[in-house]
Amino acid sequence: MMSRFSFSRFASIWPWLLVAMTVVTMDWAARAAQPKAAQVTAVIKDVKLLPPQAPPHPAVVSETLASGTGLRTGVDSRAELTFPDLTITRLGANTVFSFNEGARELNLDNGAILVQVPKSGSAVKVSTAGFTCGVTGGTALCETNKGAPSKVMILEGSGHFCARGGGCVDIPAGEMVVMMPDGRYTQPLKFNVARVMETS
């Protein structure tokens, strides 16, 4: 025998249904806010996009860089990318770069990038062959070149450095970690933030 519908029982569970619907909506919004594409906001000299299924072509300002598409700068060349959450990535000369949308991961194959993450934004991970570094609410400069020391410099905010061979260390603002080609790395060292910002 089918039980009669109880309005009082429905009224008692309605607030919990509303909470569940709100949580699902917030989760969908958070996923939608992931940086699915970046916009090229500055191009200086030789900058090329590297689509996965197409030949390289010169980048132009306002062009969209989709997840998985690479970007390469030449000698004395620079570029800037801006993501929907206002994370900014600036690429130095002779840099090869791409990003993955789901993990908020910037892949640095070679060269140097400056990453600026909004204070209220989610952490961004910079990934290289030798290390990964998470950047939270601030600005970091990451550099890696084959056969040369790599550097992670936290200008503001905080960072978390992890070597591929094992071991992690937190990096506060105004300090950096240097990694040798053989995988050895220093503990955080202080550096002159104002000097770096003036000269970089």
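The model is predicted: local features need pLDDT of at least 70, side-chain atom pairs count only at pLDDT 80 or more, and totals for chains, interfaces and linings use all residues. Residues are numbered from 1 along each chain as its sequence is written, and side-chain values use heavy atoms, leaving out hydrogens and water. Helices (H or I, at least four residues) and strands (E, at least two) are DSSP runs numbered from the N terminus.

**Pockets**

- The largest pocket has a volume of about 530 Å³. A pocket here is an open set of points on a 1 Å grid over the protein atoms alone, where a 1.4 Å probe fits, with protein on both sides within 12 Å along at least five of seven lines; lining residues have an atom within 4 Å of a point. Points are joined across faces, edges and corners, and the volume is the space filled by probe spheres set on them.
- The largest pocket is lined by 23 residues, and R78, R90, L114, L141 and S200 are the closest to its centre.
- Two or more lining residues of the largest pocket come from each of β1 (37-44), β6 (78-82), β7, β9 (105-116), β11 (131-144), β12 and α2 (193-199). Strand β9 gives the most, with 4 residues.
- The lining of the largest pocket divides into 12 nonpolar, 5 polar and 6 charged residues. Ala, Val, Leu, Ile, Met, Phe, Trp, Tyr, Cys and Pro count as nonpolar, Asp, Glu, Lys and Arg as charged, and the others, Gly among them, as polar.
- The second largest pocket has a volume of about 260 Å³. Of its 17 lining residues, A129, G130, T144, N145 and S150 are the closest to its centre.
- Strands β9 and β11 are the elements that give two or more residues to the lining of the second largest pocket, which divides into 7 nonpolar, 7 polar and 3 charged residues.

**Aromatic pairs**

- The structure holds 3 aromatic pairs (ring centres of Phe, Tyr or the six-membered ring of Trp within 6.5 Å; planes under 30 degrees apart are stacked, over 60 edge-to-face, the rest tilted).
- The F161 and Y185 rings form a tilted pair, because their planes are at 55°, with centres 5.2 Å apart.
- F161 lies in strand β12 (residues 150-163) and Y185 in the loop between β14 (175-179) and β15 (189-190), 24 residues apart.
- F161 is buried at 1% relative accessible area, while Y185 is partly exposed at 24% (buried is under 20%, exposed over 50%, partly exposed in between, with a 1.4 Å probe and protein chains only).
- F131, F161 and Y185 form one aromatic cluster.

**Positive phi**

- S62, not a glycine, has a positive phi of about 80°. S62 sits in the loop between β3 (57-58) and β4 (64-66) and is partly exposed at 48%.
- N94, also not a glycine, has a positive phi of about 55°. N94 sits in the loop between β7 (88-91) and β8 (96-100) and is partly exposed at 40%.
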